[in-house]
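Please look first at the whole chain and then at its parts.

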Amino acid sequence: MGRAACATLLGTTLMLTAPQPPAHAGARPAVPPVQPGDESSGGHTHTSEECDADPSSCHGPNRLYQYIYSLGIHPFTSPHDVREQLTGNFWLFPLRGACPTRIRPKDECELLGGNPVLVEAIGYDHLQIATLPGHALGDGLHIRFTFTRGLGFQYLIVTAWQNKPTACTEKTLCNAASRVGAWALWRVLAETLAVSAYLA
């Protein structure tokens with residue numbers, strides 16, 4: 001099965017469920033373990049600006065998952081370069097759908113399967129999107145893609161949280177299926193960026 005077909009299959013799985021985490025990913029050097037998600041209801045929902053100021057709190061009251069993937073050794077490529085390559089060549093995104101090739105903050109477009117999203121923020125080293133009404137996972141799901149580098153290795157950190165729990169996030173079986181789907185889907189993205197980062 002080709003990469004495109006695999007991405008489509010994984011994307012469909014993700015869209016039929018709603019994310020939450022196992023451990024972390026990355027076929028290359030290990031990174032520190034991920035903290036468990038905060039499943040409590042209520043509380044303050046962090047804005048994009050607050051996430052920029054304190055990325056560690058970038059999950060609001062209902063964090064779903066956080067995965068870390070290694071992109072390999074790229075000592076001469078900055079996290080900004082990798083982020084800029086993704087947002088400037090959005091066809092690299094495995095679920096691009098009807099979204100434009102170059103995305104900008106506040107853009108609204110449809111991912112694969114007609115799932116509407118908002119580009120909430122694009123920063124020096126991150127991209128953040130949110131699902132809109134009509135999305136298969138429901139609205140109010142925020143996904144932040146952060147790029148970082150350490151000892152020459154580039155990493156992709158994917159953090160997701162929701163404004164409030166959904167029918168899926170409250171069901172163990174649905175949660176488990178969606179965690180696996182999300183982990184596999186973002187791994188496809190990481191593997192794509194691991195190659196494209198050499199051109200960044």
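The structure is a predicted model, in which local features need pLDDT of at least 70 and side-chain atom pairs count only at pLDDT 80 or more, while totals for chains, interfaces and linings use all residues. Residues are numbered from 1 along each chain as its sequence is written, and side-chain values use heavy atoms, with hydrogens and water left out.

The secondary structure of the protein chain comprises 4 helices and 6 strands. Here helices (H or I, at least four residues) and strands (E, at least two) are DSSP runs, numbered from the N terminus. Along the sequence, these elements follow the pattern α-α-β-α-β-β-β-β-β-α. The protein chain has 200 residues, and 52% of them count as buried. A residue is called buried under 20% relative accessible area, exposed over 50%, and partly exposed in between, with a 1.4 Å probe and protein chains only. The protein chain exposes about 9300 Å², of which carbon and sulfur atoms supply 59%. Such areas come from the Shrake-Rupley method with a 1.4 Å probe, and for residues only the protein chains shown count as cover.

How are the strands arranged in the sheet? The 6 strands form an open sheet in the order β1-β6-β5-β4-β3-β2, with antiparallel pairing. Because β1 (62-73) and β2 stand at the edges with a single partner strand each, one side of each is left without a neighbour in the sheet. Neighbouring strands of this sheet are turned by 25° against each other on average, direction ignored. Two strands are said to pair if DSSP finds at least two bridges between them. Strands of a sheet pair through backbone hydrogen bonds, either parallel or antiparallel. In this model, β5 and β6 pair in the antiparallel sense over 10 bridges, and R144 has T159 in β6 as its bridge partner.

Two helices pack on the sheet. Helix α3 touches β1, β3 (115-122), β4 (126-131), β5 and β6, and its direction makes about 140° with that of β5. Helix α4 packs on the sheet by touching β1, β5 and β6, and its direction makes about 30° with that of β1. For these angles, axes are lines fitted to C-alpha atoms, for helices over the stretch in contact, and angles run from 0 to 180 degrees between N-to-C directions.

Strand β1 deserves a separate look. It also pairs with β6 in the antiparallel sense over 10 bridges, and the bridge partner of I68 in β6 is I157. Strand β1 is mostly covered, with 11 of its 12 residues buried.

The interior can now be considered. In soluble globular proteins, nonpolar side chains tend to be buried together. The largest nonpolar core has 35 residues, and those with the most contacts inside it are Y65, L86, F93, I143, F145, L156 and W186. A nonpolar core is a set of buried Ala, Val, Leu, Ile, Met, Phe, Trp, Tyr and Cys residues joined through side-chain atoms within 4.5 Å. At least two residues of this core come from each of β1, α3, β2, β3, β4, β5, β6 and α4. Helix α4 gives the most, with 7 residues.

Leaving aside neighbours within four places in sequence, L156 is in contact (heavy atoms within 4.5 Å) with residues including Y67, F145, W186 and L189. The C-alpha atoms of L156 and F145 are separated by 6.7 Å, although these residues are 11 apart along the chain.

A charged pair is found in helix α4. E191 forms a salt bridge with R187, the closest N and O atoms being 3.4 Å apart. A salt bridge is a side-chain nitrogen of Lys or Arg within 4 Å of a carboxyl oxygen of Asp or Glu. Because E191 and R187 are 4 residues apart in helix α4 (residues 172-196), they are separated by about one helical turn. E191 is partly exposed at 35% relative accessible area, and R187 is partly exposed at 26%.

Finally, two loop residues have positive phi values. K106, in the loop between α3 (79-88) and β2 (108-111), has a phi near 80° although it is not a glycine. L151, in the loop between β5 (141-150) and β6 (153-162), is likewise not a glycine and has a phi of about 55°. K106 is exposed, with a relative accessible area of 60%, and L151 is exposed at 86%.
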